[in-house]
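Trainee: Could you take one part of this model and go through it closely, from strand pairing to packing? I would like the terms defined as you go.

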Amino acid sequence: YLGVPPGRGSCPLTGPLPFDLIYTDYHGLQQMKQHMGLSLRKHKCHIRVIDTFGTEPAYNHEEYATLHGYRTNWGYWNLHGQQYMTMFPHTPDNSFMGFVAEELNETERLHIQRNKVHNMAVVYGKDASMWKGKENFLTVLHRYMEIHGTVYFETQRPPEVPAFVKNHGLLPQQELQQLLRKAKLFIGFGFPYEGPAPLEAIANGCIFLQPKFNPPHSSLNHEFFRGKPTSRKVSSQHPYAEQYIGRPHVITINFNNSEELEAAIREIMEINVEPFLPYEYTCEGMLERVHAYIQYQDFCSPEVPFPPANLSRQSLRSPFIPLPNSRILSWASNASSFSSWPPLTALRLLTSQPGRSCVEACQSEGLICEPAFYRFINIKEAFSKLDLQCEGLESEMNHLFPAFSADHAECGLQRDPLLFSCAGSSAKYQRLCPCRDYRKGQVALCRDCL
């Protein structure tokens with residue numbers, strides 16, 4: 001469908017496409033570019049890119065990334081940030097697609113709770129290299145529990161794991177599920193990052209024990225993230241499990257502190273947990289989210305700039321009103337209605353502290369940063385309503401804008417909508433942050449989103 005007929009050079013395809021959306025990944029994008037030439041530009045808005053680690057706007061904007069040192073092997077496609085779809089809701093600039101983990105019925109739940117082996121631990125690490133340097137940890141754990149592994153090995157050369165570990169070799173999914181249903185504890189050694197296995201373990205009634213990273217891992221200090229199109233700082237092996245699930249199902253500790261480790265193991269021996277799966281990873285939760293994206297996300301219609309040209313600056317009274325007893329602003333219900341998804345009723349506007357991103361600023365108020373709202377707050381009136389006095393007002397391409405520089409009382413507006421970004425921070429700027437509420441168990445959607 002998307003290839004250009006031979007002998008026609010790079011003539012764009014003219015007919016309409018027989019489909020509305022194209023789900024692909026970075027490799028698929030590369031192949032489409034090779035086959036389609038100029039046609040890709042025309043059909044770009046239909047593309048959704050499945051992207052494990054997320055792509056921030058500073059890396060996605062080709063010209064900006066090249067000029068400011070954000071150029072990597074990924075990114076630079078000049079897509080709308082929300083066309084990238086992630087496995088976990090870690091990068092609000094992108095859309096959280098997720099996946100489905102198996103949900104248990106009532107009979108299976110009861111069966112699991114009756115048959116748990118309370119001193120059985122399974123280690124998450126298929127590759128022998130992940131076990132290196134973990135001898136002390138395993139020795140402490142072995143005093144309390146029987147340890148099982150699923151390390152790949154060739155028959156003639158078993159992997160170098162301690163003799164007291166019962167290794168099952170690489171298991172098919174079904175057999176791994178059976179193992180998790182019996183185990184009390186599932187242990188991560190820090191790698192792989194953000195996989196589906198911890199969610200599956202928790203859904204099968206395991207407690208997940210994982211290492212805290214101090215300092216957090218990022219492209220600045222860790223080989224694995226180098227060259228990934230994100231500045232994200234990863235605080236543990238599975239930040240989603242740490243942040244959105246937490247105790248008692250998820251325990252995150254410093255593995256190098258043997259006292260903390262022993263205390264955690266003793267705590268785990270004492271507690272019983274029920275199988276748990278966040279709603280957003282159930283079949284229904286995923287369908288609800290994908291339905292909302294297909295129904296409401298539209299990157300093919302040009303976005304009307306805000307405020308619209310027919311609304312003169314004089315008639316634009318501030319569309320923001322303060323929430324009672326709060327520094328947060330909301331959208332005034334008597335302000336003209338503009339089409340937006342999420343709806344503007346969900347908008348909460350606040351400023352970040354210098355040196356903090358909008359992801360962190362919204363999170364500290366129990367909210368989520370919502371990039372779709374940036375175009376409504378990228379106006380001078382937002383600064384004055386937040387009591388930020390602009391002595392100068394500039395407009396430039398900067399992934400931290402709109403933002404306020406206290407040193408110079410300068411207000412900066414964003415010139416290029418592709419650079420609206422929840423990520424990124426600088427000690428020089430207080431950023432203007434558009435946040436929203438979210439549904440319990442469905443962080444991708446605001447309360448009024450459906």
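**The parallel strands and the helix beside them**

Mentor: Gly149 stands opposite Asn167 in strand E7. This is a predicted model, in which local features need pLDDT of at least 70 and side-chain atom pairs count only at pLDDT 80 or more, while totals for chains, interfaces and linings use all residues. Residues are numbered from 1 along each chain as its sequence is written, and side-chain values use heavy atoms, with hydrogens and water left out.

E7 covers residues 166-167 and pairs with E6 in the parallel sense over 2 bridges. Strands (E, at least two residues) and helices (H or I, at least four) are DSSP runs numbered from the N terminus, and two strands pair if DSSP finds at least two bridges between them. From E5 the chain passes through helix H6 (residues 135-142) to E6, a right-handed β-α-β crossover. Right-handed here means that, with the strands pointing away from the viewer, the path from the first strand over the helix to the second runs clockwise.

With a relative accessible area of 7%, Thr150 is buried; buried means under 20%, exposed over 50% and partly exposed in between, using a 1.4 Å probe and protein chains only. What does Thr150 touch, not counting residues up to four places away in sequence? The list is Val123, Gly125, Lys126, Asn167, Gly169, Leu170, Leu171, Leu176 and Leu179, where contact means heavy atoms within 4.5 Å. One of these residues, Asn167, is the residue of E7 that stands opposite Gly149.

Leu176 and Leu179, also touched by Thr150, are among the buried residues of helix H7, together with Gln177, Leu180 and Arg181. The buried residues of H7 pack against helix H5 (106-115), E5, E6, strand E8 (185-188) and helix H8. An α-helix has 3.6 residues a turn, so residues three or four places apart point the same way.

A cavity is a set of points, on a 1 Å grid over the protein atoms alone, where a 1.4 Å probe fits but cannot get out; lining residues have an atom within 4 Å of a point. The lining of the largest cavity consists of Ala101, Glu102, Leu104, Gln177, Arg181, Glu200, Ala203 and Asn204. H7 (173-182) and H8 (197-203) are the elements that give two or more residues to this lining. Gln177 and Arg181, named in the lining, are listed among the buried residues of H7 as well.

For context, 4 strands form an open parallel sheet in the order E1-E2-E3-E4. E1 (22-24) and E4 (95-96) stand at its edges with a single partner strand each, so one side of each is left without a neighbour in the sheet. E3 (residues 84-86) pairs with E4 over 2 bridges in the parallel sense, and Met85 stands opposite Ser95 in E4.

Technical notes. On a 1 Å grid over the protein atoms alone, a cavity is a set of points where a 1.4 Å probe fits but cannot get out, and a pocket is an open set with protein on both sides within 12 Å along at least five of seven lines; lining residues have an atom within 4 Å of a point.
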